[in-house]
Amino acid sequence: MIKVAELSKKYGGVAVLNIPSLEIPKGQAFGLVGNNGAGKTTFFNLILDLINPTSGNVINNEIQVNKSEDWKPFTSAFMDESFLIGYLTPEEYFYFIGELRGMNKADIDIFLGQFEEIFNDEILSRKKYLRDLSKGNQKKVGIVSALIGKPEVIVLDEPFANLDPTTQIRLKKLLKDLTVTSNATILISSHDLGHVTEVCDRIVVLEKGEIVRDQKTSAETLQELETYFSA
Amino acid sequence: MIKHFINFEWKQFFRSSYWQKSIGLNILMAFLALYFMLTFLALGISLFPILDEKFPESDPLIILNGFLFYWFLADLLMRFFLQKLPVMNVKPLLVLPIKRRKILHYVLGKSAVSFFNFLPLFAVIPFGLMLIFEEYGTTTAIVWMVLMVIFTLIINFLNIIIESRSAETELSFLPVIVLASGLFALNYFEIVSFSTLLANGINAVDENPVLILIPLAILGIVYYINYIFLKKKLYVDGSLQAKTKTATTSDLTWTRRFGKIAPFLQLDLKLLWRNKRPRSSIFILIIGLMYGLFFYPNPMYNDLEWLYVFVGIFVTGIFIINFGQFIPAWDSGYYKLLMSQNIKYKEYLNSKYSLMVMSSIIMFVLSIPYVYFGWKILLVHFAAMIYNVGVNTYIILLAGSFNRKKIDLTQRAAFNYQGTGAVQWLVGFPLLFVPVAIFFAPYKLIGFEAGVATLIILGATGIVFHQKLMRFIVAKYLRSKYVMINAFDQDN
């Protein structure tokens, strides 16, 4: 689904990301881990064409992302709060995103029904603007909005951060179900090794912009990663 | 500590991507400042001889003091619209071992070194020196000069009170207009003659310098009021955090008829109505509409038909200037979302375009009553509307692709009133004066109708080539996409 070739990003001559080649097949749950500054967000930004690569390219379903915008209809993302529109209510935000993805109000209302558990009565019909929600609740809105319209590629940067324990567990279940029920390719970055190994079929470790590990998730993966990062 | 604060601001200013992109604008501002300084200097030097010549029987100083009330009023109004409030990001400082008192005094002290406080000195000092030469006595001259400085500072702090209060309420610039025109009216109809009162006061101080303690005390009071106001804001649960308002929802179904751009149009309308800063560009429409009343009733302007063009462009284009120049910065807070969503730039920009066109048409319709002052005015306003729709909107959209300054709609940090600054009005100059110039040539050479026709033809050409122009503008936006995303990611 996503092919990366000779991708690099340099700021003032310093390479922050350098991936000679990487392929993410359709339907894979792809986990990206690494310490601060390893290049996780940079990589996702490049996939979403939010920054320009210094060299190389990202091809999303046969479309080179910085050449054409045709990857947008089947790709969705939630990177940080700057993806939210503060002066809308959560409903209005969902409707807006829905409209961009070809779903009308009624579709969205049905769609939102399945997230009742995650929303926990704190999101919908509270008569509050997004800017007035807590960080955690904002995050919930962002993640759910990234699932609108059956996207084929879903990019989530640090989805577990800022969430309360209950929601973390529910979100984990939701993402796991999604990998089973849909054929979407899911890209997740996280600092929480436990969560990411539970959700993803494949873990890639970045260090200083380079891929240092790339493995299928197995029972030992968590242990191995912990050993790796404590070294 | 103060040293650090100044250092921070220096860095904030020069390290912002805004500064790096707009050196040209900064140079223009510097020239304007220089121009005003020279004007004031000339005024300060020539005022005494002029007054002496015009009113040979009276004392020039007394005459001048009689006019000071109007100057102070004008100063207050000018500051309200042009002077920016002292801004500082205080939240990171609150938990550090810094006395709150210090932060407050610094922020207030900073406002005292504004250009607007130095400008009057260019007139006051030469006039004061003139007083010494004319043998008023050194004490009188110095007392007078000091008094002027004190009054300038009083106005400075008074303006901060008014400006920060009106930024908190929803009334925008209404309070200051009401206050200023109220004072002016009371004075004009001689209900309370402030100008005489003020003049008598100043004359009294000149004669008895001890009385200078009174204005000094007033200065102390306005400073203290500011201090109290700001102090309340230094708590995170105070105004550092925006008040939670109950959301009002509206589905705006009528926008459906605009087809593809409907979702963006809805978004823009909500943007305008739910955020303080863009909302003020709606209120400013009222001022725009009234603008003609400054000119048209006055028979002096009857023959200056080119002036109609200026007023017409202003009335039908005020929203374009005020709202348009911050495209796409209005959406800077969630620009990354828009760029990664299933959105075509064309639809996004077309929505903004439609909004500006609608404003222009509505303003034209509302300005139809000006026909009372002559049918020519209506004709010119119509031509101005066509010109605005067909030329100015595209110019401002194109200029938007150079926009690099983020607008923080949430305004969470206290002291953060990204309000109207002088730059904002400066941007409007070419939009206002170019059409006047365009009108002027055929008007002088051929006649009134030719001037009007030129404007209409230019505007109509723009409308006919809408698709082509939009494609060009979209390409421009696409080219600066990454730079804009990066700039909007920074906190100024």
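Predicted model: local features only at pLDDT ≥ 70, side-chain atom pairs only at ≥ 80, totals over all residues.
Chain A has eight helices and 10 strands. Its radius of gyration is 18 Å, close to the 17 Å that the globule rule gives for 231 residues, so chain A is as compact as a globular protein of that length. Along the principal axes, the C-alpha atoms of chain A fill a box of roughly 45 × 40 × 35 Å. Of the 231 residues, 48% count as buried. Among the contacts in chain A with a separation of 6 or more, 66% are made by residues 24 or more positions apart.

Six of the strands of chain A form an open sheet with mixed pairing, in the order β6-β7-β8-β3-β9-β10. At the edges of this sheet are β6 (75-78) and β10 (210-216) of chain A, and each of them pairs on one side only. From one strand to the next, the twist averages 15°.

One pairing within the sheet can be followed in detail. Strand β7 (residues 153-157) of chain A and strand β8 (residues 185-189) of chain A run in the parallel sense and are joined over five bridges. In this pair, D157(A) has S189(A) of β8(A) as its bridge partner.

Helix α8 (residues 221-230) of chain A lies across β3 (29-33), β9 (202-207) and β10 of chain A. The angle between α8 and β9(A) is about 5°. Helix α5 (residues 135-145) of chain A is mostly covered, with nine of its 11 residues buried. Among the buried residues of α5(A) are V141(A), I143(A) and V144(A), and also K139(A) and K140(A). The buried residues of α5(A) pack against the strands β6 and β7 of chain A. They also pack against three helices of chain A, namely α2 (90-100), α4 (116-119) and α6 (165-181).

Chain B is divided into domain 1 (2-232) and domain 2 (257-489). The centres of these two domains of chain B, taken over C-alpha atoms, are separated by 32 Å.

Where the chains meet, 24 residues of chain B are in contact with 26 residues of chain A. On the side of chain B that touches chain A, the elements giving two or more residues are α12 (262-274), α16 (335-340) and α22 (481-489) of chain B. The largest share, five residues, comes from α12(B). By type, the residues on this side of chain B divide into 12 nonpolar, nine polar and three charged.

Methods
Residues numbered from 1 in each chain as written. Chains lettered and ligands numbered in written order. Pairing = 2+ DSSP bridges. Helix = DSSP H or I, 4+ residues; strand = E, 2+ residues; numbered from the N terminus. Axes fitted to C-alpha atoms, helices over the stretch in contact; angles between N-to-C directions. Contact = placed C-beta atoms within 7 Å. Domains from an automatic or database assignment. Nonpolar A, V, L, I, M, F, W, Y, C, P; charged D, E, K, R; others polar. Buried ≥ 20, exposed ≤ 12 C-beta atoms within 10 Å, placed from the backbone. Rg over C-alpha atoms; globule rule 2.2 N^0.38 Å.
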